[in-house]
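Here's a protein chain to pick apart. Let's go through what each label rests on.

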Amino acid sequence: MLKLQYGTLLNRIKSLKTKSALLTLASVLSIFALSPSHSSEDWRLLDLSNEQISRDGQEALNVINGVVSMYRQDAQIGHLYFSLRTDSVLDQVNASYSRVNGNRALNFPYIIQSDGWSLYATAHDQGIVAHETGHMVLDYFRPSWLDSQSAHLAAFHEAFADLTTQFYRYHNPASRPKFISELENGQACVGDNEFTCIRNNSARLTLINVQQDERLCESHEFSKTFSSAVYDSMADAFMSSGQRPQRIRALGTIVTWHRTMLIKAVLSLRGSTSLTLMDISLAMLRVSDENPIYKNVLGNSFIKNGFITLIHKSPIYYYQANSQFVPLCQLQDGRIGNA
Ligand SMILES: [Zn+2]
């Protein structure tokens, strides 16, 4: 779930219900099938009758396809069927991914901007579409985690989705120049508009913060402890890769390495629903042995955010969970899909 920062949005939407006749968006549910090969002929389009929705759907589909293809470089992903909706305005506040009775659904509604009137098409927001697709990919690998009542796994779902947006931006050479200055400044946001940021210089969220304030157990907040640790590791590896031209050349390798280690960690953890974020950070380091330099950078980042401590460095780095800071969070926001 991607939580948008509009406190009074619901009220605005309610007041706009009477104006809905002005909105010519039909309710069309379009069903697509994403097959293991990458060619566009693999899309199966069953119902796409409205021209505007067709454009929105295609826009979203390009990103969904790009994200799934990216993860197919790390792991086998078979047929991935889902329904896609891009036309809702009044009854859906957030973009979301859900799976009900085995049916996966992505929903990218129009949302009302802060002027109370103009609409923002989340289907056109690559960051939001990548985020929700990240939920779908993680759910494909580990379905029990979406259904779990664990605050740690709910937070990890959000962190994985936020990191998917970052991985996708830097995976795509065309979008790299736009986001390199974010990486250099240690700042990362999800939406292309003004939505949630997982990391900025003024607000680094650590497990100590969550332990001290239970409001931060909310999954979108709690998730930032993990996503920003991984993001910081990418930023640190990037900044220490020499002069700027050399560093930019190394960017693809750095981002791919972090993404692959995250997927390997997920696959190594099978399906347990009692995992903590500490377990997942340790799993990521366990699968990282082949690159001790990046592993060290990642380990330091997890240490800074309170997840783990370093036991010894030689002959290889060895870490353990930092039992001092395990937040005893309860799940706060239910699990009807993931926004
Ligand atoms: Zn989300």
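**Labels and their cut-offs**

β9 and β10 form a hairpin, with five residues between them. This is a predicted model, where local features need pLDDT of at least 70, side-chain atom pairs count only at pLDDT 80 or more, and totals for chains, interfaces and linings use all residues. Residues are numbered from 1 along each chain as its sequence is written.

Q: What makes β9 and β10 a pair?
A: Strands (DSSP runs of E, at least two residues, numbered from the N terminus) pair if DSSP finds at least two bridges between them. Four bridges join β9 (residues 308–312) to β10 (residues 318–321), running antiparallel, so by that definition they pair. L310 sits opposite Y319 in β10.

Q: How do you know that the length of α9 agrees with its 25 residues?
A: Helices are DSSP runs of H or I, at least four residues. The expected span is 1.5 Å times one less than the number of residues. For α9 (residues 244–268) that should be 36 Å, and the end C-alpha atoms are 35 Å apart, so it agrees.

Q: Where does α9 bend?
A: At A250, by about 40 degrees, taking the angle between axes fitted to the seven residues ending there and the seven starting there.

Q: Which residues is M234 in contact with, leaving aside neighbours within four places in sequence?
A: I254, V255 and H258; contact means C-beta atoms, placed from the backbone, within 7 Å. I254, V255 and H258 are among the buried residues of α9, buried meaning 20 or more other C-beta atoms within 10 Å of a residue's own.

Notes
Buried ≥ 20, exposed ≤ 12 C-beta atoms within 10 Å, placed from the backbone. Contact = placed C-beta atoms within 7 Å.
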